[in-house]
Amino acid sequence: MSDTFDIAIVGAGMAGASLAAALGGHASALLLEAEDRPGYHTTGRSAAFWQESYGGAGVQPLTTASGAFLRDHGFLTERNALTLARAGQEQRLEDFAARFAALGVGVELIGRAALTERVPGLREGWVLGALEPACSDIDVAGLHQHYLRAARQAGVELWTSARLETAEPAAGGWRLGLSGGRAARCRVLVNAAGAWADPVAGIAGAAPLGITPLRRTIAQLRTAPAPPSDLPVVFDIAETFYFKPESGRVWLCPHDETPSPPCDAAPEEIDVAVAIERFGAVVDWAVERVEHKWAGLRSFAPDRLPVYGFDPARPGFFWFAGQGGFGIQTAPAAADLAARLILGSGGGEVDPAPFAPSRFAGK
Ligand SMILES: Cc1cc2nc3c(=O)[nH]c(=O)nc-3n(C[C@H](O)[C@H](O)[C@H](O)COP(=O)(O)OP(=O)(O)OC[C@H]3O[C@@H](n4cnc5c(N)ncnc54)[C@H](O)[C@@H]3O)c2cc1C
């Protein structure tokens, strides 16, 4: 088995796996994962929805462009999203709806009577909603496995328990030192290390971009009544919670964003308690039990847009990082965009310019 590749990708979460699948067949590639299995960190901890407005207007082109692939391959199941406003927040919600409608996103405003049809037990005070009918659940594990399988079939090697520890420039490329004493060489080194993106840049001698991991929590609740299976993902326009139904239970998030070092993130009791308190102000359902809870790290660049492109100061070092809270729903378009940049093939549906790491140069 050769240890020399055109491209080595650090991180086998959704980012690294999707990019490996896009590069496979066009270049020899190695996918490196520090853990003993891919998908252990943020990719395995998401809320699993595709929503075009999520992540803001700058992310929407990537989400929208990913929709056809996800739908055509059977990874989406219709869900609907509903963003709620209390009395006094109507203008904010109307601005939100107008902003995304102008971008071509299907969004319609609905009043209190229609809200209570969709969210039984909705408390008084919630007066207006923005409905996004296209919002869907994503089969995250299925999508991740699809990419890993496609990469393998295209000849990409996956090395697990292979943490990148050193990366030295060598002969127009890189000499890589991995945990366990393994080594490899590559021409292009891709940083798809999620919460570890800045430390991995440091290993390769590239300047960090200020990509910050922020912890986010989800609690799985048993409620009475159980949520209707056709309940939308329910958000509030003030961004203090969201919840959705999952197999007769509620997945509830307090919209927390607590800065964290890169780590195996764990939920804090206080975040679960805050989530339940907020939930109780939305619907009159009793919370019978917290059945399960988890947390993951969403990693953001300073402007909260992802970072896709070659480092302007470190030849052969490519950023594929900062996927924030949208790295699943944007994966198909992001991987296509990044593969085109790496292979120099041009074209593509989404303009890469807003995501270039050079936007931070000199800051
Ligand atoms: C609670 C929560 C809800 C979310 N909900 C959604 C949602 O509904 N929709 C959506 O689109 N997104 C959602 N997200 C965001 C989404 O999960 C992430 O954007 C996405 O998983 C990021 O994928 P990644 O591959 O960049 O990171 P990861 O999955 O964390 O993968 C990075 C990998 O790099 C590896 N690594 C790190 N350092 C090294 C090294 N030195 N050598 C080798 N390997 C290394 C790690 O072990 C890790 O496996 C959510 C996130 C959270 C936490």
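Trp 251 is found in strand E16, which spans residues 249-253, where strands (E, at least two residues) and helices (H or I, at least four) are DSSP runs numbered from the N terminus. The model is predicted, so local features need pLDDT of at least 70 and side-chain atom pairs count only at pLDDT 80 or more, while totals for chains, interfaces and linings use all residues. Residues are numbered from 1 along each chain as its sequence is written, and side-chain values use heavy atoms, with hydrogens and water left out.

- Apart from neighbours within four places in sequence, Trp 251 is in contact (heavy atoms within 4.5 Å) with Ser 46, Ala 47, Ile 218, Ala 219, Gln 220, Tyr 242, Phe 243, Lys 244, Glu 246 and Trp 294.
- With Gln 220 there is a side-chain to side-chain polar contact at 3.0 Å, a term for a pair of N or O atoms within 3.5 Å in which, within protein, one must be able to donate a hydrogen and the other to accept it, and residues adjacent in sequence count only if both atoms are side-chain atoms.

**Surroundings of Thr 43**

- Thr 43 lies in the loop between strand E2 (29-32) and strand E3 (49-50), and because its relative accessibility is 13%, Thr 43 counts as buried.
- Leaving aside neighbours within four places in sequence, the contacts of Thr 43 are Gly 13, Met 14, Val 140, His 144 and Ile 328.

**Helix H8 with H1**

- Helix H1 (residues 14-23) packs on helix H8 (residues 331-343) at about 55 degrees, with the axes 8 Å apart, the axes being lines fitted to C-alpha atoms over the stretch in contact and the angles running from 0 to 180 degrees between N-to-C directions.
- That angle makes H1 oblique to H8 (under 35 degrees counts as roughly parallel, over 145 as roughly antiparallel, 65 to 115 as roughly perpendicular and the rest as oblique).
- Met 14, Ser 18, Leu 19, Ala 22 and Leu 23 of H1 meet residues of H8 that include Ala 335, Ala 338 and Ile 342.

**Helix H8 with H2**

- Helix H2 (residues 60-72) and H8 pack at about 105 degrees with axes 6 Å apart, which means that H2 is roughly perpendicular to H8.
- Leu 62, Ala 65, Ser 66, Phe 69 and Leu 70 in H2 meet Ala 331, Pro 332, Ala 333, Ala 334 and Leu 337 in H8.

Technical notes. Buried < 20%, exposed > 50% of the residue type's maximum accessible area, 1.4 Å probe, protein only.
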